[in-house]
Amino acid sequence: MKSVAVLHASQLVTLAGPPRPRVGDEMSDLAIIRDGGMLIRDGKIEKVGPSDEIEKQAGDAQVVDAKGRVVLPGFVDAHTHLVFAGNRLDDFERRAKGESYEQIAAAGGGIWSTVEKTRAASDVDLFEQAKKHAQWFLKCGTTTVEAKSGYGLTVNDELEILRTIQRVTQETPLECVPTFLGAHAIPREHQTPEYVDLIVNEMLPRVAEDKLAEFCDVFCERGYFDLEQSRKVLTAAKKLGLKLRMHADQLTNSGAAKLAAELGATTADHLEKTDERGIAAMKSANVQPVLLPGSVYALGSTCYPRAREMMEAGLAVVLATDFNPGSAPTPSMPMVLSLACTQMKMSPGETITASTINAAHSLGRGDKIGSLEAGKLANFAIFDCEDYRELAYWFGFSQTHSVYVRGERV
Ligand code: NIG
Ligand code: FE
């Protein structure tokens with residue numbers, strides 16, 4: 001039995017609390033232990049407490065001395081597009097000259113250009129690039145990500161992306177929770193209705209049969225999938241046992257948040273354009289909002305989602321990167337925390353809850369990760385600062401000291 005004793009965290013940010021997503025004032029309660037420590041056995045947390053108590057029980061455990069640094073649960077990033085080929089530097093430069101995301105997509109850039117590169121990439125190259133992305137996440141202190149397909153848009157290419165996601169979980173320390181996003185864009189070779197049929201009749205049954213995804217997502221947006229098409233895909237997915245997430249109200253307020261509520265989706269993501277009616281609908285169905293300020297920032301917009309109103313309504317808000325080559329080329333959760341504090345007026349404590357325990361619950365893993373409590377996986381990060389608020393305060397450089405998955409340094 002391998003034992004590890006983590007000692008002398010200036011703050012051991014445990015997020016211990018009720019076994020459910022945190023809402024309202026609970027989001028500010030991080031259950032911090034000063035000069036904290038924890039005992040880990042076989043990759044799981046056995047005990048959490050003041051350092052001197054942990055030290056007494058450490059026996060021959062290997063000691064990890066945090067030396068007055070902050071220790072946090074590994075970040076849980078509940079919305080990423082982990083697997084794709086290439087980048088979108090041309091789109092980036094065009095946006096810098098003033099063109100919009102939608103204009104660039106219409107002119108041949110956008111999601112479609114990444115689909116072409118992803119289809120053309122070999123399995124080996126796709127996996128190599130995914131491994132590189134996985135390393136980036138780990139370096140930023142993230143130990144679990146939700147990972148979507150969506151840059152293949154044929155049966156075989158979508159399955160290939162989902163298998164690549166599975167390999168990242170198997171062959172790297174980063175755990176991925178797979179989501180099928182065949183409804184990410186309309187491929188050039190199809191009209192929308194026939195592509196929706198392909199998703200429903202061919203892609204989804206294969207995804208479910210091969211158990212390649214836990215969730216199904218749809219980009220419900222003008223020019224992509226409208227409410228009815230989104231409903232069709234998500235209803236079919238639900239029948240096959242998949243849970244639902246949705247790209248909702250990102251560029252226009254189309255009523256997607258309401259659809260998420262109607263279908264009992266686990267999350268509605270983006271929500272930049274969601275109004276009070278959408279917020280009320282989400283509340284009535286306990287949908288968790290996943291807010292993605294990194295994509296608002298990178299698109300050069302100032303229209304951030306109404307985070308405070310959502311928290312005041314009692315919603316269990318989640319923060320995520322939306323890591324993707326087009327609208328959010330960042331794997332950095334600390335950057336997202338900074339944006340959430342400065343642009344969305346969340347408090348530093350609320351941002352930590354939104355990116356750990358609430359995110360874990362949104363992925364159906366609230367009993368395993370997202371907090372430092374006895375019985376959970378020993379996934380944690382040590383940061384080179386003394387106060388957790390420094391994570392959102394200093395920005396633009398990494399404060400990661402070291403990262404551990406199941407008690408092992410990665
Ligand atoms: O979440 N909105 C749709 N999907 C991504 C963007 C993907 C891309 O531009 O490649 C998003 O922002
Ligand atoms: Fe996204």
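A polar contact is a pair of N or O atoms within 3.5 Å; within protein, one atom must be able to donate a hydrogen and the other to accept it, and residues adjacent in sequence count only if both atoms are side-chain atoms. The model is predicted, with local features requiring pLDDT of at least 70 and side-chain atom pairs pLDDT 80 or more, while totals for chains, interfaces and linings use all residues. Side-chain values rest on heavy atoms, without hydrogens and water.

Under this criterion, a polar side-chain atom of tyrosine 151 is placed 2.6 Å from an oxygen atom of ligand 1. Tyrosine 101 likewise brings a polar side-chain atom to 2.5 Å from an oxygen atom of ligand 1. Ligand 1 taken alone exposes 330 Å², of which the protein buries 100% (accessible areas by the Shrake-Rupley method with a 1.4 Å probe).

The shell around ligand 1 holds 15 residues, and Arg88 and Ser327 are among the closest (a residue is near a molecule if one of its heavy atoms lies within 4 Å of it). The shell comprises 4 nonpolar, 9 polar and 2 charged residues; in this division Tyr counts as nonpolar.

Elsewhere, 7 strands make up an open sheet with mixed pairing, ordered S3-S2-S1-S4-S14-S15-S16 (strands are DSSP runs of E, at least two residues; two strands pair if DSSP finds at least two bridges between them). S16 and strand S15 (residues 400–405) are antiparallel, joined over 2 bridges. Valine 405 has glutamate 408 in S16 as its bridge partner.

How values were computed: Residues are numbered from 1 along each chain as its sequence is written. Chains are lettered from A and ligands numbered from 1 in the order in which they are written. Helices (H or I, at least four residues) and strands (E, at least two) are DSSP runs, numbered from the N terminus.
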